[in-house]
Amino acid sequence: MRHEPIIEARGLTKRFTVDRAAVEAVTDLSFEVLPGELVAFLGPNGAGKSTSLRMLTTLVPPTSGTARVAGHDILTAPAAVRRSIGYVGQLTSGSFAQRVRDELLSQGAFYGLTRAHARRRAEELIESLDLAPFATRTVQQLSGGQKRRLDVALGLMHAPRLLFLDEPSTGLDPQSRANLWQHIVDLRETHGTTVFLTTHYLEEADRYAERVMVIDRGRVIADDTAAALKSELAGDVVTLTFGTAEDATAAAGPLRRLAGRDVRIVDERSLVLTTPDGDRLLPAAVRELDAAGLRVERATGVPPTLDDVFLALTGRTLREAQAVAEDSTATPTPEGTPR
Ligand SMILES: Nc1ncnc2c1ncn2[C@@H]1O[C@H](COP(=O)(O)OP(=O)(O)OP(=O)(O)O)[C@@H](O)[C@H]1O
């Protein structure tokens, strides 16, 4: 039996007006997420990730298109959508002077849980998000990673089936990031919570998400498992280094024929190519070139990353796209929810 999608976006588009010019933050976003999926929405700064999330969580209205989220239409039943989902935005939500446990209880009251229910739920979340040692601390006494775990707990107080997280790990050190991710993965495994999150960390999306949607300039440009995206859109990067520049030049033709791929010469003595099956190509290439008297000094085959996927799709790496976005001096005129 096919499950009903828990998110069903149809042509979601958002246009902002910046200095009287229209900025299309999100263009024609259509996709489905099934219950229990863990989806990473990956893209550089300014790609449209947060705006997409804000539309799906009813924080900003779309310019056109609509979506059904947890069974409710975001345009006609926004309150029902909000009751059914958890949302953790980019900024830490806890109020500074409250203690962790009290913060969770206030959130429970906000969602209309009885005091006894809220207490039970708070204890469960304190346990599952590893907050027990800090439960009586105030929010301002927590580290960045602990605060982010509290944010996730706050988003889960009313036990939503669907949790949206906007860049949950940005600004955390690598260890806290890995720890937070482990909690997110556990949540999904233990409670079957559907998790839809944005990130610009390639490695995280690659390692933890079972599905990666890549967004660039407001459009979704790829949507699959990380493994499928890498094998279909990128390939192993094979590098052969020779003793002399002459050997490298002489080897380029035979290697091109053997691999059936374009070959580039780098650093005069190395040949580089991308192929879906580097492990098979490498020994064959070394044997053939050796037999032709062209000595390979070093041979490496590196599996592709999601950055190679982004490069294959856009002609630039995600890191380059990120750097350009960070250099951009354009300040948007706020409209809708302030950033
Ligand atoms: N309130 C707003 N008013 C005007 N323009 C906006 C507003 N919010 C976002 N934008 C613009 O829409 C585009 C997409 O922004 P968005 O915040 O959705 O990107 P993002 O992928 O989430 O980026 P980041 O990783 O930096 O959070 C950007 O060009 C941004 O400047």
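**View 1. An open sheet of 4 strands is ordered β2-β1-β4-β5, and its pairing is antiparallel.** Its edge strands, pairing on one side only, are β2 (21-33) and β5 (72-73). Here strands pair when DSSP finds at least two bridges between them, and the names follow DSSP runs numbered from the N terminus, with helices (H or I) of at least four residues and strands (E) of at least two. This is a predicted model, in which local features need pLDDT of at least 70 and side-chain atom pairs count only at pLDDT 80 or more, while totals for chains, interfaces and linings use all residues. Residues are numbered from 1 along each chain as its sequence is written. As a bit of background, strands of a sheet pair through backbone hydrogen bonds, either parallel or antiparallel.

**View 2. Strand β4 sits between its two partners, β1 and β5.** On the β1 side, 5 bridges hold the antiparallel pair together; look for R10, whose bridge partner in β4 is T66. The β4-β5 hairpin has 2 residues between the strands, and A70 takes a positive phi near 50 degrees.

**View 3. Helix α1 (residues 49-56) packs on this sheet.** The helix touches β1 (7-18), β2 and β4, and its direction makes about 120 degrees with that of β1. Touching is a matter of contact: two residues count if their C-beta atoms, placed from the backbone, lie within 7 Å. For directions, axes are lines fitted to C-alpha atoms (for helices, over the stretch in contact), with angles running from 0 to 180 degrees between N-to-C directions.

**View 4. Helices α3 (residues 100-110) and α4 (residues 115-128) pack at an angle of about 130 degrees, their axes 9 Å apart.** That angle makes α3 oblique to α4; under 35 degrees would count as roughly parallel, over 145 as roughly antiparallel, 65 to 115 as roughly perpendicular, and the rest is oblique. From α3, R101, L104, L105, G108 and A109 meet A118, R119, R121, A122, L125 and I126 of α4. Those contact residues divide into 7 nonpolar, 1 polar and 3 charged. In this count Ala, Val, Leu, Ile, Met, Phe, Trp, Tyr, Cys and Pro are nonpolar, Asp, Glu, Lys and Arg are charged, and the others, Gly among them, are polar.

**View 5. Helix α3 also packs with helix α5 (residues 144-156), the axes coming within 9 Å and crossing at roughly 25 degrees.** The two helices are therefore roughly parallel to each other, and their crossing is right-handed. V100, E103, L104 and Q107 in α3 meet L150, A153 and L154 in α5. This contact has 5 nonpolar residues, 1 polar and 1 charged.

**View 6. Zooming out, the protein chain splits into domain 1 (7-230) and domain 2 (236-302).** Their C-alpha centres lie 45 Å apart. The bounds come from an automatic or database domain assignment.

**View 7. Another open sheet has 4 strands in the order β12-β13-β11-β14, with antiparallel pairing.** At its edges are β12 (264-266) and β14 (296-302), each pairing on one side only. Neighbouring strands are turned by 25 degrees against each other on average, direction ignored. Strands β11 (residues 236-242) and β13 (residues 270-275) pair antiparallel over 6 bridges; for one, V237 has T274 as its partner in β13. Helix α9 (residues 245-259) packs on the sheet and touches β11, β12 and β13, its direction making about 15 degrees with that of β13. Helix α10 (residues 278-291) packs there too, touching β11, β13 and β14, and its direction makes about 165 degrees with that of β14.

**View 8. Helices α9 and α10 pack against each other at about 140 degrees, with their axes 11 Å apart.** This makes α9 oblique to α10, and the crossing is right-handed. A251, P254, L255, L258 and A259 in α9 meet L281, A284, A285, E288 and L289 in α10. The contact residues divide into 9 nonpolar, no polar and 1 charged.

Definitions and conventions
A crossing is left-handed if the near helix is turned anticlockwise from the far one by less than a right angle, and right-handed if clockwise.
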